[in-house]
Amino acid sequence: MIDLDAEAFEALVVEELDGLPDDMIDGLENVAFVVEDRPEDGSLDLLGLYDGVALTERGQYGFGEMPDRIILYREPPLAVAADLDELRDEIHITLVHEIAHFYGIDDEKLHELGWA
């Protein structure tokens with residue numbers, strides 16, 4: 001298990017987010033990226049979560065809604081990654097996976113594409 005404090009983990013998340021393609025990021029509106037230690041149930045099984053309404057399911061949207069959230073959990077990827085390179089990969093994959101949910105891509109399609 002890698003030992004990385006919250007600040008260092010958040011810095012890695014920002015680096016990986018900055019490295020994603022512009023066309024993936026440019027469409028993100030009213031989305032907050034959040035880092036939390038663990039999911040509410042305390043498990044280490046979930047690496048990230050999209051909390052919001054997918055773009056494909058929105059009707060009237062854009063006036064006063066709370067932002068959607070993409071949550072990356074810190075402890076689960078630290079528990080599975082053998083080294084810093086593996087941790088970066090886990091963060092990258094999790095970001096892509098959760099951003100895909102924002103765009104309305106479900107887990108089945110992500111699995112087909114190799115991102116689940």
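Is Tyr103 buried, partly exposed or exposed, and what is its relative accessibility? At 23% relative accessibility, Tyr103 counts as partly exposed, a class that lies between buried (under 20% relative accessible area) and exposed (over 50%), with a 1.4 Å probe and protein chains only.

## Basis of the values

This is a predicted model, in which local features need pLDDT of at least 70 and side-chain atom pairs count only at pLDDT 80 or more, whereas totals for chains, interfaces and linings use all residues. Residues are numbered from 1 along each chain as its sequence is written, and side-chain values use heavy atoms, with hydrogens and water left out.

## Aromatic cluster

Rings of Phe, Tyr and Trp (its six-membered ring) pair if their centres lie within 6.5 Å, and their planes count as stacked when under 30 degrees apart, edge-to-face when over 60 and tilted for the rest. By this rule there are 2 aromatic pairs. The ring centres of Tyr50 and Phe102 are 6.2 Å apart and the planes stand at 85°, so this pair is edge-to-face. It links distant parts of the chain, 52 residues apart, with Tyr50 in strand β2 (residues 48–51) and Phe102 in helix α4 (residues 84–102); helices (H or I, at least four residues) and strands (E, at least two) are DSSP runs, numbered from the N terminus.

Phe102 also forms an edge-to-face pair with Tyr103, at 5.0 Å centre to centre and 80° between the planes. Tyr50, Phe102 and Tyr103 thus form one aromatic cluster, in which Tyr50 is buried at 13% relative accessibility and Phe102 is buried at 0%.

## Backbone at Asn30

Asn30, in the loop between α2 (22–25) and β1 (31–36), has a phi near 60°, a positive value in a residue other than glycine. Most residues other than glycine have a negative phi. With 33% relative accessibility, Asn30 counts as partly exposed.
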